[in-house]
Amino acid sequence: MSRRLVLGGAALAATATLTLGLPAAPALATAPALAAAPAPGKVAGELFRAWLAGDRAAAAGVATPAAVRTIFGYAYRAPDRFDGCSRGVCRYVHTSVRVPGGLNGIAMAVTGSKVTKVYLSRHVVRPSAAAGHLFAAWKRGDRYAALEVGAEEAVRTLFRVRYDPRGVTHHFQGCAKEPKGYACAWSYEGGAMFMHVRGSTTRGYDVRSITYTAD
(Lines give C-alpha, C1' and ligand atoms only; values in the text may rest on other atoms or scores of the structure.)
Protein backbone atom coordinates (compact mmCIF):
# COMPACT_ATOMS: atom_id res chain seq x y z
CA MET A 1 0.00 0.00 0.00
CA SER A 2 1.35 3.44 -0.82
CA ARG A 3 2.49 5.68 2.03
CA ARG A 4 0.28 8.76 2.18
CA LEU A 5 2.36 11.86 2.67
CA VAL A 6 0.17 14.82 3.60
CA LEU A 7 -2.03 15.14 6.67
CA GLY A 8 -5.47 16.56 5.95
CA GLY A 9 -9.01 16.94 7.29
CA ALA A 10 -11.43 14.16 8.05
CA ALA A 11 -12.28 11.93 5.09
CA LEU A 12 -15.64 12.50 3.45
CA ALA A 13 -18.25 10.06 4.67
CA ALA A 14 -21.08 10.63 2.25
CA THR A 15 -21.56 11.78 -1.32
CA ALA A 16 -24.42 12.65 -3.61
CA THR A 17 -26.85 9.73 -3.99
CA LEU A 18 -29.36 10.98 -6.56
CA THR A 19 -30.00 8.79 -9.59
CA LEU A 20 -30.76 9.81 -13.15
CA GLY A 21 -33.86 8.33 -14.77
CA LEU A 22 -33.98 7.29 -18.38
CA PRO A 23 -36.78 8.68 -20.62
CA ALA A 24 -39.90 6.54 -20.48
CA ALA A 25 -40.07 3.91 -23.23
CA PRO A 26 -43.30 2.73 -24.86
CA ALA A 27 -44.85 -0.03 -22.79
CA LEU A 28 -44.37 -3.51 -24.25
CA ALA A 29 -45.94 -6.51 -22.63
CA THR A 30 -42.95 -8.74 -23.29
CA ALA A 31 -40.12 -6.20 -22.86
CA PRO A 32 -38.08 -6.24 -19.63
CA ALA A 33 -38.06 -3.07 -17.53
CA LEU A 34 -35.21 -0.66 -18.22
CA ALA A 35 -32.90 -0.12 -15.26
CA ALA A 36 -32.16 3.48 -14.33
CA ALA A 37 -28.54 4.48 -14.78
CA PRO A 38 -26.92 5.52 -11.49
CA ALA A 39 -25.89 9.15 -11.15
CA PRO A 40 -22.14 9.78 -11.59
CA GLY A 41 -21.92 11.09 -8.02
CA LYS A 42 -23.33 7.85 -6.64
CA VAL A 43 -20.87 5.70 -8.60
CA ALA A 44 -17.93 7.92 -7.63
CA GLY A 45 -19.04 7.87 -4.01
CA GLU A 46 -19.05 4.08 -3.95
CA LEU A 47 -15.49 3.95 -5.25
CA PHE A 48 -14.39 6.66 -2.83
CA ARG A 49 -15.83 4.80 0.17
CA ALA A 50 -14.33 1.48 -0.99
CA TRP A 51 -10.94 3.17 -1.25
CA LEU A 52 -11.25 4.69 2.23
CA ALA A 53 -12.07 1.22 3.58
CA GLY A 54 -9.15 -0.36 1.72
CA ASP A 55 -11.64 -2.69 0.03
CA ARG A 56 -10.29 -3.49 -3.44
CA ALA A 57 -13.01 -6.05 -4.13
CA ALA A 58 -15.75 -3.48 -3.58
CA ALA A 59 -13.81 -0.96 -5.65
CA ALA A 60 -13.58 -3.45 -8.52
CA GLY A 61 -17.38 -3.64 -8.57
CA VAL A 62 -17.74 0.02 -9.53
CA ALA A 63 -14.49 0.80 -11.39
CA THR A 64 -12.24 -0.52 -14.11
CA PRO A 65 -9.03 -2.31 -13.05
CA ALA A 66 -6.93 0.67 -14.17
CA ALA A 67 -9.07 3.09 -12.14
CA VAL A 68 -8.76 0.88 -9.06
CA ARG A 69 -4.98 0.70 -9.39
CA THR A 70 -4.75 4.45 -9.78
CA ILE A 71 -6.83 5.47 -6.77
CA PHE A 72 -5.13 2.95 -4.50
CA GLY A 73 -1.81 4.56 -5.43
CA TYR A 74 -2.81 8.02 -4.17
CA ALA A 75 0.13 9.46 -2.22
CA TYR A 76 -1.78 11.80 0.09
CA ARG A 77 -4.38 11.68 2.83
CA ALA A 78 -7.95 11.43 1.50
CA PRO A 79 -9.56 14.66 0.27
CA ASP A 80 -12.17 15.94 2.70
CA ARG A 81 -14.83 17.55 0.45
CA PHE A 82 -16.99 16.31 -2.42
CA ASP A 83 -16.88 19.06 -5.06
CA GLY A 84 -19.67 17.84 -7.33
CA CYS A 85 -19.76 16.42 -10.86
CA SER A 86 -19.49 18.08 -14.25
CA ARG A 87 -19.97 16.24 -17.55
CA GLY A 88 -19.47 12.88 -15.91
CA VAL A 89 -16.36 13.84 -13.94
CA CYS A 90 -16.70 13.97 -10.14
CA ARG A 91 -14.15 15.62 -7.89
CA TYR A 92 -13.02 15.27 -4.27
CA VAL A 93 -10.79 18.10 -3.04
CA HIS A 94 -8.60 19.07 -0.11
CA THR A 95 -9.63 22.04 2.02
CA SER A 96 -6.96 21.93 4.72
CA VAL A 97 -3.73 20.89 2.98
CA ARG A 98 -1.82 21.92 -0.14
CA VAL A 99 -0.89 19.35 -2.74
CA PRO A 100 0.94 19.90 -6.07
CA GLY A 101 -0.98 20.81 -9.22
CA GLY A 102 -4.37 22.37 -9.83
CA LEU A 103 -6.48 19.24 -9.42
CA ASN A 104 -6.25 19.53 -5.61
CA GLY A 105 -7.29 15.96 -4.95
CA ILE A 106 -9.02 13.26 -6.98
CA ALA A 107 -11.25 13.35 -10.07
CA MET A 108 -13.21 10.35 -11.36
CA ALA A 109 -14.57 9.99 -14.88
CA VAL A 110 -17.80 7.98 -14.76
CA THR A 111 -19.40 6.14 -17.67
CA GLY A 112 -22.67 4.40 -16.89
CA SER A 113 -22.21 2.40 -13.70
CA LYS A 114 -18.39 2.40 -13.68
CA VAL A 115 -15.56 4.79 -12.89
CA THR A 116 -13.49 4.41 -16.04
CA LYS A 117 -10.57 6.72 -15.20
CA VAL A 118 -9.15 8.32 -12.08
CA TYR A 119 -7.05 11.48 -12.03
CA LEU A 120 -5.14 12.48 -8.92
CA SER A 121 -2.70 15.02 -7.55
CA ARG A 122 0.70 13.44 -8.07
CA HIS A 123 3.83 13.38 -5.96
CA VAL A 124 6.48 13.93 -8.65
CA VAL A 125 10.07 14.01 -7.40
CA ARG A 126 11.84 15.41 -10.51
CA PRO A 127 11.16 18.74 -12.24
CA SER A 128 11.58 17.14 -15.66
CA ALA A 129 8.95 14.50 -14.82
CA ALA A 130 6.39 17.16 -13.90
CA ALA A 131 7.09 19.08 -17.10
CA GLY A 132 6.98 15.93 -19.20
CA HIS A 133 3.67 14.80 -17.72
CA LEU A 134 2.11 18.18 -18.44
CA PHE A 135 3.42 18.22 -22.01
CA ALA A 136 2.07 14.70 -22.67
CA ALA A 137 -1.36 15.69 -21.29
CA TRP A 138 -1.41 18.70 -23.63
CA LYS A 139 -0.61 16.47 -26.61
CA ARG A 140 -3.60 14.26 -25.70
CA GLY A 141 -5.86 17.24 -25.05
CA ASP A 142 -6.50 15.96 -21.50
CA ARG A 143 -6.97 18.90 -19.11
CA TYR A 144 -7.58 16.76 -16.03
CA ALA A 145 -4.29 14.93 -16.57
CA ALA A 146 -2.63 18.32 -17.03
CA LEU A 147 -4.02 19.53 -13.69
CA GLU A 148 -2.43 16.54 -11.95
CA VAL A 149 0.95 18.31 -12.20
CA GLY A 150 0.13 21.81 -13.43
CA ALA A 151 -1.31 24.84 -11.64
CA GLU A 152 -4.55 26.18 -13.12
CA GLU A 153 -2.75 29.21 -14.57
CA ALA A 154 -0.17 27.03 -16.32
CA VAL A 155 -2.83 24.71 -17.75
CA ARG A 156 -4.92 27.64 -19.02
CA THR A 157 -1.88 29.13 -20.74
CA LEU A 158 -0.83 25.85 -22.35
CA PHE A 159 -4.31 24.88 -23.55
CA ARG A 160 -5.02 28.21 -25.23
CA VAL A 161 -3.54 26.59 -28.30
CA ARG A 162 -4.42 23.02 -29.22
CA TYR A 163 -1.46 20.75 -29.86
CA ASP A 164 -1.12 20.11 -33.59
CA PRO A 165 0.69 16.85 -34.43
CA ARG A 166 1.23 18.18 -37.96
CA GLY A 167 2.57 21.50 -36.69
CA VAL A 168 6.00 22.46 -35.41
CA THR A 169 8.02 19.78 -33.64
CA HIS A 170 8.87 20.43 -29.99
CA HIS A 171 12.32 19.36 -28.78
CA PHE A 172 12.84 18.94 -25.04
CA GLN A 173 15.96 20.82 -23.92
CA GLY A 174 16.01 19.76 -20.26
CA CYS A 175 15.55 21.74 -17.05
CA ALA A 176 17.83 24.42 -15.64
CA LYS A 177 17.80 26.10 -12.25
CA GLU A 178 16.28 29.55 -11.96
CA PRO A 179 15.88 31.79 -8.86
CA LYS A 180 12.77 30.07 -7.42
CA GLY A 181 12.95 26.64 -8.98
CA TYR A 182 13.53 25.24 -12.45
CA ALA A 183 12.75 26.21 -16.03
CA CYS A 184 12.11 23.24 -18.33
CA ALA A 185 12.35 24.16 -22.00
CA TRP A 186 11.00 22.94 -25.33
CA SER A 187 12.41 24.50 -28.47
CA TYR A 188 10.62 24.61 -31.80
CA GLU A 189 11.03 26.40 -35.08
CA GLY A 190 10.46 30.06 -34.35
CA GLY A 191 10.80 30.02 -30.56
CA ALA A 192 10.70 28.13 -27.29
CA MET A 193 8.34 27.27 -24.44
CA PHE A 194 9.44 27.35 -20.78
CA MET A 195 7.61 25.53 -18.00
CA HIS A 196 8.46 27.08 -14.63
CA VAL A 197 8.54 24.31 -12.05
CA ARG A 198 8.39 24.79 -8.29
CA GLY A 199 8.46 22.51 -5.25
CA SER A 200 10.86 20.02 -3.72
CA THR A 201 11.54 16.31 -3.63
CA THR A 202 9.71 16.05 -0.30
CA ARG A 203 6.65 18.08 -1.26
CA GLY A 204 6.66 17.18 -4.94
CA TYR A 205 7.12 19.35 -8.04
CA ASP A 206 4.49 21.01 -10.23
CA VAL A 207 4.43 23.48 -13.10
CA ARG A 208 3.29 26.89 -11.86
CA SER A 209 3.48 28.98 -15.05
CA ILE A 210 4.48 28.89 -18.72
CA THR A 211 6.22 31.51 -20.82
CA TYR A 212 7.24 31.68 -24.46
CA THR A 213 10.07 33.33 -26.39
CA ALA A 214 10.37 34.04 -30.10
CA ASP A 215 13.52 33.81 -32.18
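**Close-up views of a predicted model**

View 1. On the scale used here, buried means under 20% relative accessible area, exposed means over 50%, and partly exposed lies in between, with a 1.4 Å probe and protein chains only. This is a predicted model, in which local features need pLDDT of at least 70 and side-chain atom pairs count only at pLDDT 80 or more, whereas totals for chains, interfaces and linings use all residues. Residues are numbered from 1 along each chain as its sequence is written, and side-chain values use heavy atoms, with hydrogens and water left out. The strand that holds Gly84, β1, covers residues 81-86, where strands (E, at least two residues) and helices (H or I, at least four) are DSSP runs numbered from the N terminus. Leaving aside residues up to four places away in sequence, Gly84 touches Val89, Cys90 and Arg91, a contact being heavy atoms within 4.5 Å. Gly84 and Ala107, which are 23 residues apart in sequence, lie 9.9 Å apart in space from C-alpha to C-alpha.

**View 2. His94 is buried in the loop between β2 (89-93) and β3 (105-111).** The relative accessible area of His94 is 5%, so this residue falls in the buried class. Its side chain is joined to that of Tyr74 by a polar contact of 2.8 Å, which is a pair of N or O atoms within 3.5 Å; within protein, one atom must be able to donate a hydrogen and the other to accept it, and residues adjacent in sequence count only if both atoms are side-chain atoms. Not counting residues up to four places away in sequence, the residues that His94 touches include Tyr74, Tyr76, Arg77, Pro79, Asp80, Val99 and Asn104.

**View 3. Strands β3 and β4 form a hairpin with two residues between them.** These strands run antiparallel, and six bridges join β3 to β4, which spans residues 114-120; two strands pair if DSSP finds at least two bridges between them. Met108 has Val118 as its bridge partner in β4, while Gly112 in the turn has a positive phi of about 65°.

**View 4. Strands β5 (residues 171-178) and β6 (residues 181-188) pair in the antiparallel sense over seven bridges.** Two residues lie between β5 and β6, which form a hairpin. Cys175 stands opposite Cys184 in β6.

**View 5. The largest pocket has a volume of about 200 Å³.** Of the 15 residues that line this pocket, those closest to its centre are Arg98, Val99, Gly101, Gly102 and Asn104, and the elements that give two or more residues to the lining are β2 and β8 (204-214). On a 1 Å grid over the protein atoms alone, a pocket is an open set of points where a 1.4 Å probe fits, with protein on both sides within 12 Å along at least five of seven lines, and lining residues have an atom within 4 Å of a point. Grid points are joined across faces, edges and corners, and a volume is the space filled by probe spheres set on the points.

**View 6. The second largest pocket has a volume of about 160 Å³.** Among the residues that line this pocket are Trp138, Arg162, Asp164, His170, Tyr188 and Tyr212.
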